[in-house]
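Student: Hi! Could you help me learn how to read a protein structure, one feature at a time?

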Amino acid sequence: MQEKIPYQVLSRRWRPRVFEEIVGQEHVTTCLMNAIEAGRVGHAYLFSGSRGVGKTTAARVFARAINCENGPKRNPCNECNTCKEMLIGSSLDFLEIDGASNRGIDEVREIREKIKYATAGSRYRIYVIDEVHMLTTPAFNALLKTLEEPPSHVIFIMATTAPSEIPPTILSRCQRFDFRRIFPEKIVERLKMVSKKEHFSVEDEALAVIAKKAEGSMRDAESMLDQLVTGTEGTVTAEVVRNFLGIPKEDVFFEITQSVLDGKPAETLKVLEELYKEGHDLDEFAGSLIEHLRHLLLVSIDRSLAEPAGILKSSLSRLAEQSAKTNDADLVRLIRILNSAAYLMKRSPVPRLHLELALVEMANLDSTVSVKELIEKLSVIEKKFVGDGGDELDHENRAGKKHVVRDDDRDPASRDSGAHPQAQKPAPSHVEPGRVEEAAKGWEVLLLAVKKKKTSLWGFLSEAKVLSISETELTVKLPRDQRFHRERIEDKANREIILDEIKKAFGKPLSLKVVDGEVTEISGAKGEDPLENETVKTIVELFHGEIVKKEKR
């Protein structure tokens with residue numbers, strides 16, 4: 001009677017036997033092949049990366065390649081006695097050690113004693129220490145010297161999922177290779193090949209769901225495929241995969257996200273209720289929804305980020321369409337709210353409540369208004385209020401305070417008509433009008449220079465207007481109600497700045513004299529309440545946060 005061959009799981013039966021078969025790690029395999037071909041094989045290597053990405057597989061292929069009887073060459077032949085012994089695990093010169101169960105100093109001392117002896121017939125004795133970060137500190141210390149200067153026939157290959165936990169003294173003695181997570185498209189491509197060779201009937205969409213769930217691990221993907229094929233009669237569909245793995249349909253994430261963006265908390269909770277009735281794990285759902293929002297954010301920022309993030313090409317157009325309905329700032333806020341809820345769900349006796357509260361908060365969240373947009377709106381209101389004379393107003397006037405108009409700024413016809421009882425006093429008779437106009441231009445130059453040096457001082461000076469100028473003195477006037485401005489201008493430090501800039505603007509040193517002038521407050525038409533003035537009301541509302549309405553998405 002013929003002995004039945006024991007079944008091997010897909011992840012073992014389809015384990016790569018040459019470097020080209022290792023998926024998604026070309027940056028590592030190319031370097032290793034070149035090193036073998038050039039005869040530059042090191043004495044210690046560290047392979048780091050997440051689970052199921054090919055660290056141990058690469059170590060085994062590398063070991064066979066350098067010990068192959070027909071080599072060493074870029075790839076092992078897998079036909080000679082040495083390769084066959086290493087493939088079945090019977091080689092005395094290839095030892096795999098589990099760092100989690102052989103983590104003490106005694107085990108490391110045993111290795112140190114054995115490496116002194118010659119090989120059993122191979123070129124090298126190769127030690128592969130898996131999960132090396134689990135070794136104790138004394139064990140690492142015992143390994144240090146041996147790792148730095150092992151015998152010429154010994155090579156160490158260490159694999160780990162947590163390189164940060166390995167002492168720097170160990171890292172510095174190794175050639176380090178970082179294995180990446182495998183892109184979903186590459187996992188799908190590999191699963192298609194395996195399914196075809198094994199004569200499995202699996203839909204492409206089902207493979208895409210498996211690849212996404214595997215999170216970059218080829219071993220996990222092959223294990224899931226193996227389990228699904230065994231437990232399914234007929235074709236493995238995407239619906240079968242989702243039901244088996246407890247994953248909601250992709251449409252659910254787009255639907256619930258759209259409800260949030262539309263500000264419909266009731267619709268959001270209805271979707272969650274349906275998922276709960278179907279028996280979906282809410283912790284798993286929250287994590288998947290966070291991932292969906294993350295994908296929206298990445299696509300919104302730059303579509304070129306989609307491939308590195310593992311986003312399937314089939315979902316890219318829908319993600320781009322939905323991300324266009326919101327903005328980056330809002331997506332960041334939504335992710336933070338949901339992430340906090342997911343954290344609390346793991347520690348709460350009522351995890352569903354935290355998820356519901358988060359979804360309601362997200363749906364009721366007002367849209368973010370950027371500072372740039374606020375400034376643009378403020379500029380529109382400013383132009384409406386001040387017209388073409390906006391450059392002569394200081395920051396406080398723009399902020400909605402009463403606009404103080406100087407008598408000499410009024411229209412001559414208005415002054416002559418006697419519309420304002422407090423008319424401007426005539427300028428001193430010894431001052432020539434041409435000289436005052438020239439001095440006013442110099443004053444504008446001075447204001448610009450002061451603004452660069454000290455903005456606050458510029459604000460005080462911008463209220464002043466040139467009254468007269470002589471060979472030794474410049475006289476400016478301030479409105480009578482600007483006593484504080486005058487005190488700040490006459491401050492010693494500020495006065496030094498002003499006199500220095502006067503010398504530059506007018507070409508000679510001049511003293512500065514500040515006098516009071518007469519002002520008239522304009523509060524609207526006669527008999528009109530100032531706050532009834534439409535422009536004044538607009539400014540008041542603006543700075544009470546009422547003019548800029550938070551818009552729903």
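Student: Let's begin with strand pairing. In which sense do β7 and β8 pair?

Tutor: Keep in mind that this is a predicted model. Two strands count as paired if at least two bridges are found between them. Here, β7 (residues 465-469) and β8 (residues 473-479) are antiparallel partners, with 4 bridges. One place to look is S468, which has T475 of β8 opposite.

Student: How many residues join β7 to β8?

Tutor: The hairpin between β7 and β8 has 3 residues.

Student: Now I'd like to look at K513. Which strand is K513 in?

Tutor: K513 belongs to β9, a strand that covers residues 511-517.

Student: Which residues does K513 contact, apart from its neighbours within four places in sequence?

Tutor: A contact means heavy atoms within 4.5 Å. For K513, the partners beyond those neighbours are E473, L474, T475 and V476.

Student: Why does K513 count as partly exposed?

Tutor: Under 20% relative accessible area is buried and over 50% is exposed, with partly exposed in between. K513 has a relative accessibility of 40%, so it counts as partly exposed.

Technical notes. Residues are numbered from 1 along each chain as its sequence is written. This is a predicted model: local features need pLDDT of at least 70, side-chain atom pairs count only at pLDDT 80 or more; totals for chains, interfaces and linings use all residues. Side-chain values use heavy atoms; hydrogens and water are left out. Helices (H or I, at least four residues) and strands (E, at least two) are DSSP runs, numbered from the N terminus. Buried means under 20% relative accessible area, exposed over 50%, partly exposed in between (1.4 Å probe, protein chains only).
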